[in-house]
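Take a look at the chain shown here. The notes that follow go through its parts one by one.

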Amino acid sequence: VPLGGDRRQAVYVGPAGVDAEGRSLVTFVSVCGPAVERDCRSLLKLNARMIDGCFAIRVLRGEEYFVFIENLPVDLLPHLDAGDVLRRIAAAADELEGRLSRGRDIY
């Protein structure tokens, strides 16, 4: 997903199982950087201000990474602007990536 300046952010979309009501879910996830214990507290504080989606830790290729993730019911997808969802997730992930990597654009 192209962002401001020369920055870009990959957002992955895929199945996420079902929620407590049995609805099928789709996940939107974007990698922010390697998970480091010292940054966990800061991420929890950021999550407290999030409206849609949240920061989490995901294991990718055997290593833990900070990600920005949003799970949505599949039946809502026809009513959403997919481009807006992708841009919002990419921007949130890229902001944290920039902090963690001192401005580098890796993911």
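## After helix H2

Helix H2 covers residues 82-100, and Arg 102 sits in the segment that follows. This is a predicted model. In it, the phi of Arg 102 is near 55°. That value is positive, and the residue is not a glycine. Most residues other than glycine have a negative phi.

Is Arg 102 buried or exposed? Exposed residues have over 50% relative accessible area. Arg 102 reaches 81%, so this residue counts as exposed.

Strand S3 spans residues 54-60, and strand S4 spans residues 63-73. The two run antiparallel. Seven bridges join them. Within this pairing, Cys 54 has Ile 69 of S4 as its bridge partner.

S3 and S4 make a hairpin, with two residues between the strands. Arg 61 belongs to that turn.

Which backbone angle stands out at Arg 61? Its phi is near 50°, a positive value in a residue other than glycine. Arg 61 lies in the loop between S3 and S4. With a relative accessible area of 86%, Arg 61 is exposed, because the cut-off for that class is over 50%.

## The fold along the sequence

How many helices and strands does the protein chain have? There are two helices and four strands. In sequence order they follow the pattern β-β-α-β-β-α.

Take the contacts in the protein chain with a separation of 6 or more: residues 24 or more positions apart account for 58% of them.

## Overall size

The C-alpha trace of the protein chain spans about 40 × 30 × 30 Å along its principal axes. The radius of gyration is 14 Å. A compact globule of 107 residues would have a value near 13 Å, so the chain agrees with that expectation.

## Surface and charge

What share of the 107 residues is buried? Buried residues make up 34% of the protein chain. The accessible surface of the chain comes to about 6,900 Å². Carbon and sulfur atoms hold 53% of that surface.

The protein chain carries 14 positive and 16 negative side chains. The centres of these two sets lie 6 Å apart.

Terms used:
Residues are numbered from 1 along each chain as its sequence is written. This is a predicted model: local features need pLDDT of at least 70, side-chain atom pairs count only at pLDDT 80 or more; totals for chains, interfaces and linings use all residues. Side-chain values use heavy atoms; hydrogens and water are left out. Two strands pair if DSSP finds at least two bridges between them. The radius of gyration is taken over C-alpha atoms; the globule rule is 2.2 Å times the number of residues to the power 0.38. Buried means under 20% relative accessible area, exposed over 50%, partly exposed in between (1.4 Å probe, protein chains only). Contact means heavy atoms within 4.5 Å. Accessible areas come from the Shrake-Rupley method with a 1.4 Å probe; for residues, only the protein chains shown count as cover. Lys and Arg count as positive and Asp and Glu as negative; His and the chain ends are not counted. The place of a charge is taken as NZ of Lys, CZ of Arg, CG of Asp or CD of Glu.
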